Amino acid sequence: VVFDTHRRRAPPDTRSIARRRARAMPPTRRNGFVDARGRAALNAHQTTAIVVWTCEALGFYLLLAPSIADARLRRGAIIAYACACAFVTCAFARATAIDPGARATDDAALYCGRCDASVGRRAKHCRDCDKCVDDFDHHCKWLNNCVGGRNYGAFLALVTSATVQIGGQTACGACLAAWLAANGDEAKRYVNERARYAGNGVTHASLIVGVCAYVALGMGLLYVVGELFAFHATLCWRRMSTYEYIVAERAIAADARAAAIERGEDGSDIQVRTSVCRLCRLPEAYAPDREKTAPKTPKAPRAIKTKAAEPPPPSASAKERGGLFSPFKARTNKSKVFTDEPDSPPPVKREEALGHFDETLQALSDARGASRKGGRK
């Protein structure tokens, strides 16, 4: 029996194709917590970061806080650390919950074919979030969200506060571990007398092991978060974003490969490298162009307003001579300044001036008529 493997099937309708594509394509993520459909969208990196940071915070209350002998000092340390944890939590929630997606505008400079919308000049389409992000910096896997212009401030506050918190508690843990190791008998007596330790079955050896593990975890976190803080602090100093720095490093690597090929060498082993030291030494030729704002010029001192000197009052003879062609009117004209006063006709009355004007106009009209008659003849 021969089976036809290329047999024709009835073409499906348009609705079934749309449903199949909708099930195959992942929905667009709204932020780091939920997707476009409102469902939880946590990833492994984000969950790991939350669990590790929670263990680091609990270690302070279980290992470091009970070692403080003074009750008031211990209570103050607990309250201060709780405030620090609350600040880090709020920064993390804000950086993750904000949607950094670009807003579609009609007067934008670029057009994204995937989003089918006009976006700004510094926007970039993120493949993980499947949307354009204004002032794109990078896609953070630990936040499960893109970092852009809207949430970069919250992200920087999160990195800064986490660096200070982890660095402080790691230093306190290192001091406690050194004291436990240096003062063996006193440390054993202290652990056995404190109900906070003895009541929970904590011994001197187990306390040293716990504090050392806590310090090791803190040093690992401090290396990761501290380097991230130094990197973004340098980016702010260089007025660059992470994406712009990656593009610059790619250009440097491409130029190095081209130079190696011109020398007859194999440039395939030249890879893109990123670090804080390379960022500090980045040549200005590869730095992004920024519109430099003109320096503010100092304001000129305000001139003291003085009352303009009034012209001297005209004499009685000048007022009597005033008329249509009076030279006094020409001298007091404010719209134009004459360097040399023109010769003016003698002052006459208005009726005489109009009569002279009519006579002159009539004479010109008669002369024109006479010239026309002479031309006809």
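## Aromatic pairs

The ring-pair count in this predicted model comes to eight aromatic pairs, where rings of Phe, Tyr and Trp (its six-membered ring) pair if their centres lie within 6.5 Å. Phenylalanine 60 and tyrosine 61 make one that is edge-to-face (planes over 60 degrees apart, with under 30 counting as stacked and the rest as tilted), at 5.5 Å centre to centre and 85° between the planes. Ring pairs also tie Phe60 and Tyr61 into a cluster with Tyr81.

The cut-offs are under 20% relative accessible area for buried and over 50% for exposed, with partly exposed in between (1.4 Å probe, protein chains only).

## A pair in helix α4

Tyrosine 152 and phenylalanine 155 have ring centres 6.2 Å apart and planes at 40°, so this pair is tilted. Both tyrosine 152 and phenylalanine 155 are buried. They sit three residues apart in helix α4 (residues 152–182), so about one helical turn separates them; helices here are DSSP runs (H or I, at least four residues), numbered from the N terminus.

## Charges over rings

Lysine 124 lies over the face of phenylalanine 136, 4.9 Å from the ring centre. Arginine 238 does likewise with tryptophan 237, at 5.8 Å. The rule asks for NZ of Lys or CZ of Arg within 6 Å of the ring centre and within 35 degrees of the ring normal.

## Ground rules

Residues are numbered from 1 along each chain as its sequence is written, and side-chain values use heavy atoms, leaving out hydrogens and water. As the model is predicted, local features need pLDDT of at least 70 and side-chain atom pairs count only at pLDDT 80 or more, whereas totals for chains, interfaces and linings use all residues.

Definitions and conventions:
Helices (H or I, at least four residues) and strands (E, at least two) are DSSP runs, numbered from the N terminus.
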